[in-house]
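Biologist: I have not looked at this structure before. Please take me through it in short questions and answers.

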Amino acid sequence: MDHFHYRERELFCEEVPVTALAEKYGTPVWIYSKRTLLHHLSQIQQAFAAVQPVICYSVKSNSNLGILQVMQEAGSSFDVVSGGELHRVKKAGADTSKVVFAGVGKTDEEIRYALESRVLMFNVESEAELDAIAAVAGSMGIVAPVALRLNPDVDGKTHAKTTTGKKGNKFGMDIERASQLAAKVLADKRLALHGIHMHIGSPILTAEPYAEAVKKAVDVVTEYRRQGHDINWVNLGGGFGIHYRKQEALPASEYAKVIVPAIQAAGCRLALEPGRFIVGNSGILVSRVIYTKREGGKLFVIQDAAMNDLVRPAMYDAFHRIWPVKPSIDPPADYEGEIAGCELADVVGPICESGDYLAKGRALPPMQRGDLMCTFSAGAYGMAMSSNYNSRPRAAEVLVDGATHRLIRRRETYDDLIAHEML
Ligand SMILES: *Cc1c(COP(=O)(O)O)cnc(C)c1O
């Protein structure tokens, strides 16, 4: 469920007409619904309540301070993958003792910053990284809490660029190597093994990969306990799927059903790192049609959002629902294929790349210059992956709460584009 809905053929975010937001803040513009953010976070909080998990919102999915603050106030913690993200969550008021630090390439500076910030633990992805963490911790005279990131060799059945838990991708380590490292941790006074970490991939639309992963994690924890480690944490990462095409996502309770009993039986603490599940369906990208044209037997709708704003279609072949803000036809239940009264069009942006599109061969009601259109389910990995390619200032971000709304990132100016450059 989300709080973007049509009332008499006009799109609203919560109680606010999207047209009013586009007029006030300009286009392209990202619009987030606070109620939807809270709804998705609380779904996870409730589904997993029996094991009192630490929920670490994955900052990389959307790192705007306004979003982080909403998460912080609602009791979420954070998963960071860089020093920059750690800086952000501290600005948002996070309790760093519940923050986890992930990523395959942590530098010494980042490790030091995280140790100074007393994070809950590092998700360690290699022996070389473990050595670096031990060295930095040793130089600071403190003990570094670590979790070993296992590659569970589980197929999340997702896009090649977003699968992370199969043998052969760069993340984590296999179970045998992890066992060697665990022995090394036990012998090193600068390190303490607190847990096991896994992240299978994203988005994952079935519970089975988690059932497999949690079983492997619990087996490993049991083995490490036998070896003398005081190990408690199982961190199952993120990856829960969302609604991109229709209502295809599972409720959080379906994942909890396979995860919670295994965690309870093993007497472990659970950490989760959901990003997309919380923020994905909580955000839309609103754009305005600049021109339409017919060429080569095709209809093109050229609008003012582009791949520098939302790169997911170009990068992951991602599907986002797109529909006018004030449509002449009610939105369909199924956005794929032909729709009565609609024509197939490529929805493209102004960037000089053939890969610059939001959708191809998409059924849309007749669109005209000046019309507003909405790209749905764009809250995760949208603005977070945006760039200034073609010297396009990044779009504004707006947070809606009931009938009120506020800017949480102003639109960039031309001067912002060159602010860091030197003549
Ligand atoms: C990206 C990532 C996440 C978040 O994934 P979502 O699909 O947004 O839930 C969590 N943990 C790790 C280690 C990640 O790399």
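This is a predicted model: local features need pLDDT of at least 70, side-chain atom pairs count only at pLDDT 80 or more; totals for chains, interfaces and linings use all residues.

Biologist: What separates the centres of domain 1 and domain 2?

Modeller: The domain bounds come from an automatic or database domain assignment. Domain 1 is 4-32 + 280-417, and domain 2 is 63-274. Taken over C-alpha atoms, the separation of the two centres is 33 Å.

Biologist: What area is buried between domain 1 and domain 2?

Modeller: Contact means heavy atoms within 4.5 Å, and 20 residues of domain 1 are in contact with 13 residues of domain 2. Buried area is the accessible area (1.4 Å probe) that two parts lose on being put together, summed over both. Carbon and sulfur atoms give 48% of the area buried between domain 1 and domain 2, which is about 1500 Å².

Biologist: Which residues of domain 1 lose the most area to domain 2?

Modeller: Three residues together account for 29% of what the domain 1 side buries. They are Asn281, Tyr316 and Phe319.

Biologist: How many salt bridges does the rule find across the interface of domain 1 and domain 2?

Modeller: A salt bridge is a side-chain nitrogen of Lys or Arg within 4 Å of a carboxyl oxygen of Asp or Glu. The side chains of Arg245 and Glu336 meet in a salt bridge at 2.6 Å, N to O. Across the interface of domain 1 and domain 2, the number found by the rule is two.

Biologist: Which residue has a side-chain N or O atom 2.6 Å from a nitrogen atom of the ligand?

Modeller: The ligand is surrounded by 14 residues (a heavy atom within 4 Å), the closest being Lys60, Ser202, Glu273, Arg276 and Tyr381. An oxygen atom of the ligand is 2.7 Å from a side-chain N or O atom of Lys60, and an oxygen atom of the ligand is 2.7 Å from a polar backbone atom of Arg276. For the nitrogen atom at 2.6 Å, the residue is Glu273.

Biologist: Which residue is joined to Ser202 by a cis peptide bond?

Modeller: Most peptide bonds are trans. A cis peptide bond joins Thr27 and Pro28, with omega about -10°. For Ser202, where omega is also about -10°, the cis partner is Pro203.

Biologist: What is the phi of Glu14?

Modeller: Most residues other than glycine have a negative phi. Glu14 is not a glycine, yet its phi is positive, at about 50°.

How values were computed:
Residues are numbered from 1 along each chain as its sequence is written. Side-chain values use heavy atoms; hydrogens and water are left out. A polar contact is a pair of N or O atoms within 3.5 Å; within protein, one must be able to donate a hydrogen and the other to accept it, and residues adjacent in sequence count only if both atoms are side-chain atoms.
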